Amino acid sequence: MASGSMKGFFKQKKNSSSISKSSSKSHSKASSNPSVSIASDHPKPTPQISRASLHLKDEHEEVLRQFDMNMAYGPCIGMTRLDRWERANDLGLNPPRDVEGLLKGGRVGLDCLWDGRV
Amino acid sequence: MMRAQNSAHSIESETMRSSSDDSCRILVEYMNTPDEGSSSDKNGKGTFDEDEKFEILNEKYKGQQYSQIYFARLHNARNLLYSLVEKWKPHLPVCTVLGLKEGKECVIVGTLYKHMKLKPSILDEYSKERSAVPLVKPHNFMHPDDQLILEDESGRVKLGGTVLSPSLFVTGLVVALHGMETGAGDFLVQDILEAGLPPQIELPLDSREDKYVVFVSGLSVGSSTSNPLQLQLLVDHITGHLGDEKEQSIASKIVRVVIAGNSVEIPHGLLNGQNLGSKDQSKLSEPIKELDILLTQIAAGIPLDIMPGPSDPANFSLPQQVFILPLHRCLFPGTSAYNTFVSCTNPHSFELDNVRFLGTSGQNIDDLDKYSEAKDRLDFMERTLRWRHLAPTAPSTLGCYPFTGKDPFLIESCPHIYFVGNQNKYETRLLRGSEGQLVRLICIPKFCETGVAIMLNMSNLECHALSFWTQLGS
């Protein structure tokens, strides 16, 4: 702080490194729903999956997100969706059976909506 | 990838999370070694240890925050309160906080939050104005301007009116309130319902032979105030080497000794993060060795339960786990040779001859004293039973593990004996509940300061103090 120069603690980065990082991020989030607008500056994921299965994934993801946001089953942050479903079941809250089917079937996001974003 | 939590316990949870599956397996195997017995019947003689719900060995930390334990608490307590509200005010509708309508009388159930002006906040360190915060922390953080707020999943509402006095409540309680919303948006409270004493399994108190349990806490071996002669007198009395025939015959009927925390005190000057020289290293282990010698004498003849306390080398947050689990054989080489020696969690719950015991090393009641007021410590203990929650201020101001599926501090069944360790003086009361429950409340004083241990007669729930003092010199 005594040096008076900003460069010591506010390093300037090249833009290219940030772009390569975000593209690797978007790779791992290939299952993210492109139809829902995500407030980030990630470049859109390349359409590797056929349009038909993408349409199915939207619906499943939508159902799972509604399950995440339903306050009756408690907060969703910090738990996997399956753990939260099991807890809701154990507490006698009768969570929807189709959510359990989706989660155990695989190929859907197992972590809650806010995972990694909050 | 730890989420930033404004709590010092994030460090602890990090180490829990990073323990590999292998080490967990080793820990579990250690717990199941033959001479420890099954986890429920530790001494193999019709006594039952119920500490399983306080154990976190099988819990896996996955980055959750404390909202999960609050949800579990609200859900369980609310279901209970809904069933009680039906008998309390059957004519009134029950609604959620968001469903409140102005002028409509109703009942709402939720978690209390007490907004306290003087409660220390970690954000004060970053505040730009350095004037208001006093450097010396007051013992009690209450202030006449404290406000109560009720919360549930849908929202929160400020509580107004004169029925509720904030000084009697703390954050974390689940209660039912009868009242209505005012024009200002507050909820005017007309009446309050607490859960009340839980149901108790009745105890036939007449034709039982005398059996005694000795409670002691705050031995603080290794501190400057502990007196080795006093400690040895205690051990000699318990093992029947002291006293006249009457005393010895009473000592022969002791069936359990429970040490409620703060058994050792490691000299603080040594724990400043620097490497220890060999002389300091032996100073660190001296108190535990001394304690082991004392405890071996007791464990050789009587079942002994030891609970960790705030100053013991165990984890900081509640529920405190057994004394550094797999190492206790190393910490207590002499005592752990006996299967009468049982290292317990804090809180500790067990059953002896159908008499149910529940107790802590004091942190829950000490914390209530910081954020609310009562005539004496027994009043705080009574309140925790009436609220059916051992430690309502956890995790708000009392360190706690972030459970996801349960709140282990909820009291489901009323104990017959409720004890709290490390208090300033010996106090006891027999509490009678509205449904015939009978509870003996015991405040166990710190032995290093008072020289007092408590002797409880299980046949009639009477207890008396054993006082040891020494006077040297002419």
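The model is predicted, so local features need pLDDT of at least 70 and side-chain atom pairs pLDDT 80 or more, while totals for chains, interfaces and linings use all residues. Residues are numbered from 1 along each chain as its sequence is written, chains are lettered from A in the order in which they are written, and side-chain values use heavy atoms, without hydrogens and water.

**First stop.** Select strand β2 (residues 105-115) of chain B, where eight of the eleven residues are buried, that is, under 20% relative accessible area with a 1.4 Å probe, protein chains only. Strands are DSSP runs (E, at least two residues) and helices likewise (H or I, at least four). Thr111(B) has bridge partners in both: Val174(B) in β5(B) and Glu151(B) in β3(B).

**Second stop.** Select Ser372(B), in the loop between α8 (363-371) and α9 (377-386) of chain B. Is Ser372(B) buried or exposed? Ser372(B) counts as buried because its relative accessibility is 0%. A polar atom of its side chain lies 2.9 Å from the backbone oxygen of Leu368(B). Residues that Ser372(B) touches include Lys114(B), Phe169(B) and Arg383(B), contact meaning heavy atoms within 4.5 Å.

**Third stop.** Move to Trp114(A), in the segment after α4 (97-105) of chain A.

How values were computed: Buried means under 20% relative accessible area, exposed over 50%, partly exposed in between (1.4 Å probe, protein chains only). Two strands pair if DSSP finds at least two bridges between them. A polar contact is a pair of N or O atoms within 3.5 Å; within protein, one must be able to donate a hydrogen and the other to accept it, and residues adjacent in sequence count only if both atoms are side-chain atoms. Lists of a residue's contacts leave out its neighbours within four places in sequence.
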